[in-house]
Amino acid sequence: MAEESSFDGSEKEEIASSGNNGLGDFASMDSIESRWVTQDDDDDSVNGVDDDDDDDDEFYGTGLESEDEEISEHRLIHTGRRVDSFDVEALEVPGVSRNDYEDLTVGRRVLLAFQTLGVVFGDVGTSPLYTFSVMFSKSPVREKEDVIGALSLVLYTLLLIPLIKYVLVVLWANDDGEGGTFALYSLISRHAKISLIPNQLRSDTRISSFRLKVPCPELERSLNLKEKLETSLVLKKLLLVLVLAGTSMVIADGVVTPAMSVMSAVGGLKVGVDAVEQDQVVMISVAFLVILFSLQKYGTSKMGLVVGPALLIWFCCLAGIGIHNLVKYDSSVYRAFNPVHIYYFFKRNSVNAWYALGGCILCATGSEALFADLCYFSVRSVQLTFVCLVLPCLMLGYMGQAAYLMENHTDASQAFFSSVPGAAFWPVLFIANVAALIASRTMTTATFSCIKQSTALGCFPRLKIIHTSRKFMGQIYIPVLNWFLLAVCLVVVCSISSINEIGNAYGMAELGVMMTTTILVTLIMLLIWQINIVIVTAFLIVFLGVELIFFSSVIASVGDGSWIILVFAVIMFGIMYVWNYGSKLRYETEVEQKMSMDLMRELGSNLGTIRAPGIGLLYNELAKGVPAIFGHFLTTLPAIHSMVIFVCIKYVPVPLVPQNERFLFRRVCTKSYHLFRCIARYGYKDVRKENHQAFEQLLIESLEKFIRREAQERSLESDGHNDSDSEEDFSGSTLVMGPNGSMYSMGVPLLSEYRDLNKPITELNTSSNHHHPFDTSSESSVSEAEQSLERELSFIHKAKEIGVVYLLGHGDIRARKDSWFVKKLVINYFYAFLRKNCRRGTANLSVPQSHLMKVDMTYMV
């Protein structure tokens, strides 16, 4: 392992901020589990202290700190139930975490349904602008039956994919109100350990928002699937690759949707004004797109209320124009509800009909947004709006266009605007452009949600995320991603000026996401819902089969220009995979090189250096064990704080973690060391906005609660053996070389005893032989255990008053010299570039520069 040291007070690492609601009273213990163990077999586990050889991944917090290594005989002791430090508080939660929308009034539900028009349904609502135009460019209209066949294809595609698949099935696979590809992956991760980064703790499953439903023993296939997913590394990697591929298609969809919607709407000018050329259409589209992405920062709620009325007018226009054309031209298009006309369409047009499928799938574009944007609204509001308003208006709009084309075959290239009545053309053109701008926001908001989920689950570099709503935390805006999407979108518009080519790219991106969703929902049906295998098989065969048929059509036209979107999706996939791969290697290396507990014991309670007053919060990403970078601190600093807390920010696969279940604590070594580990758990939907003072206060309050619970469990032991607060002195000496070449003897403290606050603190021995410096005067009636508790709490308060310093351990990785060239390229250049340019986590906290200290360490992998 090669190491590099540097101190930088200006750089910051990620510091999460949130916590419980205060101390409060402890819940009474209804029952205490008893277990008898042989002390010398599992001494550290019984005593509730950390050990690097301990394979158990839970935080027990039992508070039995004493270690008597001189006792060699076997003796049985009676212990309390080993639980994580906040199990009692978790039991106090009256109910599991619920969706923000469950307790809304009827009026508020109607308002949400109204907002969904502008946020969720804009994409699918503008599909009539271009669906028939793209279809008939691939399969020209020769007779009326071609129009009927194409309409039948569109109607049944609308019924099959947006309605049956998404509205009736997929929406119910949400993760506590969160939708999207990574929400499905997170849901599966909670029921099977499929994450490649080994930072899972069994205590995570006791978070109330897990809602974990263990597969029933009778359902053997669910158990078998769970076992295969957990034991097969190949399946884990394939599932991750599938999710990353689907996410890259979502991002690509966020690029092509604005290009397609805006250009098709602006293209209506060529119908109203003969002098308008395609170049003018491109220029106007570019201006509209710049305005669109500039307004994105104003948030979903504000924009939803503004654009909701515009989309309502748009859907009414679709229905009105459809009814007008049905009455004026040909009402016989109702025959398209007979699916036999699809067969006739393919029989007459053969290969051209197959190419036309690439245009037909455009009528279902935006279906994924119904699910991906679910975090903004409730399931019921999305279902209500789609079934009662969106679907009927869309069907009337398509039927009206078909009725017009029955009499006007030559206008198929601009089917929508040609079918608009002359007197209503300019108002409809204006509304169509407004609707196109709104539709462009739909996949952009979905992309924001997906990126936030992937970042929280370690599959995307950290970016600045702005929460645009105080009430609903799922409504976000990502500035860097917003402008990046605009730049790529402008490149697409300027390089691919044909609506038909953009439409092919559009269909490719949509189908990639749809197929990913189908596979993930199938896994959820088998693993979580545990429904009949016949239903699951039918769902997979029908929907994946249909989507593969559509995909075969669009992939055959990839050479027309849609390859640009495919290349963009591959680049985004590469970024996510490299980030996940590098993060996995870095975490595994930190686990392998964590400090030995034997070394900690040899150092003694002074840690081989001066213990200075105050609290040090050492941030690292290690969920278990003492990070190697702590030893780096000991060799580079002349002193360490009298209390050190190893803080690990950990994202768990749930949308939200209740505040009173946020922190887990565990004591590292014995009480006299004053070392603790804290895991701050966050869901991928959690908001972290507290300043450093609020975070410190919540952390200390949670630590006090842990210590009180620890003392409570000790008092409940039935055998009455007394735990000694003293520890054995270690005579061994360990020589460590510092970064400047100096040799340190870490087995002997540099200062033997602490006298007062004006002198550096080494170790505050709590044994009877050394009086605790922060010890309060106790009355004779107070027990020794209570005295020990009060001394430690007083010590924490005094240390907090002196100050808190953030010790930021920043670990980088480099590929070994004997590594493969590809690995060197990925780790030393691609991953290093992403890590260097991603957002520093402590930007969320306003920590003064004087309270920051950073040490870098480089691991060779």
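## A friendly tour of the predicted model

Q: Which helices are included in what covers the buried residues of helix 5?
A: This is a predicted model, and helix 5 spans residues 131–138. What covers them includes helix 6 (144–167), helix 9 (233–266), helix 14 (351–360), helix 16 (379–407), helix 17 (415–419) and helix 20 (499–529).

Q: How many of the residues of helix 5 are buried?
A: A residue counts as buried when its relative accessible area is under 20%. In helix 5 the buried residues are Thr 131, Phe 132, Ser 133, Val 134, Met 135, Phe 136 and Lys 138. Helix 5 is therefore mostly covered under the 20% cut-off, and the count of buried residues among its 8 is 7.

Q: Is Ala 415 buried or exposed?
A: Ala 415 sits in helix 17, and helix 17 is one of the elements covering helix 5. Leaving out residues up to four places away in sequence, Ala 415 touches Phe 132, Ser 133, Gln 401 and Leu 405. Its relative accessibility is 0%, so Ala 415 counts as buried.

Q: How far apart in space are Ala 415 and Thr 131, C-alpha to C-alpha?
A: Along the chain, 284 residues separate Ala 415 and Thr 131. In space, going from C-alpha to C-alpha, the distance between them is 8.8 Å.

Q: How are helix 19 and helix 22 oriented to each other?
A: The axes of helix 19 (residues 479–495) and helix 22 (residues 563–592) come within 11 Å, with a crossing angle of roughly 155°. The contact is made by Phe 484, Val 488, Val 492 and Ser 495 of helix 19 and by Ile 564, Ile 565, Phe 568 and Met 572 of helix 22. Angles over 145 degrees count as roughly antiparallel, so helix 19 and helix 22 are roughly antiparallel.

Q: Which strands stand at the edges of the open sheet?
A: The open sheet has 6 strands in the order 7-8-6-5-11-12, and its pairing is mixed. Each edge strand has a single partner strand, so one side of each is left without a neighbour in the sheet. The edge strands are strand 7 and strand 12.

Q: In which sense do strand 11 and strand 12 pair?
A: Strand 11 (residues 804–814) is mostly covered, with 9 of its 11 residues buried. Leu 808 has Lys 854 as its bridge partner in strand 12, and Tyr 806 stands opposite Leu 852. There are 9 bridges between strand 11 and strand 12, and the sense of the pairing is parallel.

Q: Which residue in strand 11 is the bridge partner of Gly 616?
A: Strand 5 covers residues 610–620 and pairs with strand 11 in the parallel sense over 5 bridges. In strand 11, the partner of Gly 616 is Val 805.

Q: At about what angle to strand 5 does helix 26 run?
A: Helix 26 (residues 784–802) lies across strand 5, strand 6, strand 7, strand 8 and strand 11. Helix 22 lies across strand 11 and strand 12, running at about 115° to strand 11. For helix 26, the angle to strand 5 is about 80°.

Q: What is the phi of His 674?
A: Most residues other than glycine have a negative phi. His 674 lies in the loop between strand 7 and strand 8, and it is buried, with a relative accessible area of 1%. Although His 674 is not a glycine, its phi is positive, at about 55°.

Q: Where is Ser 350?
A: Ser 350 has a positive phi near 45° and is a residue other than glycine. Its relative accessibility is 45%, so Ser 350 counts as partly exposed. Its place is in the loop between helix 13 (340–349) and helix 14.

Notes
Residues numbered from 1 in each chain as written. Predicted model: local features only at pLDDT ≥ 70, side-chain atom pairs only at ≥ 80, totals over all residues. Heavy atoms only, no water. Buried < 20%, exposed > 50% of the residue type's maximum accessible area, 1.4 Å probe, protein only. Helix = DSSP H or I, 4+ residues; strand = E, 2+ residues; numbered from the N terminus. Pairing = 2+ DSSP bridges. Contact = heavy atoms within 4.5 Å. Axes fitted to C-alpha atoms, helices over the stretch in contact; angles between N-to-C directions. Parallel < 35°, antiparallel > 145°, perpendicular 65-115°, else oblique.
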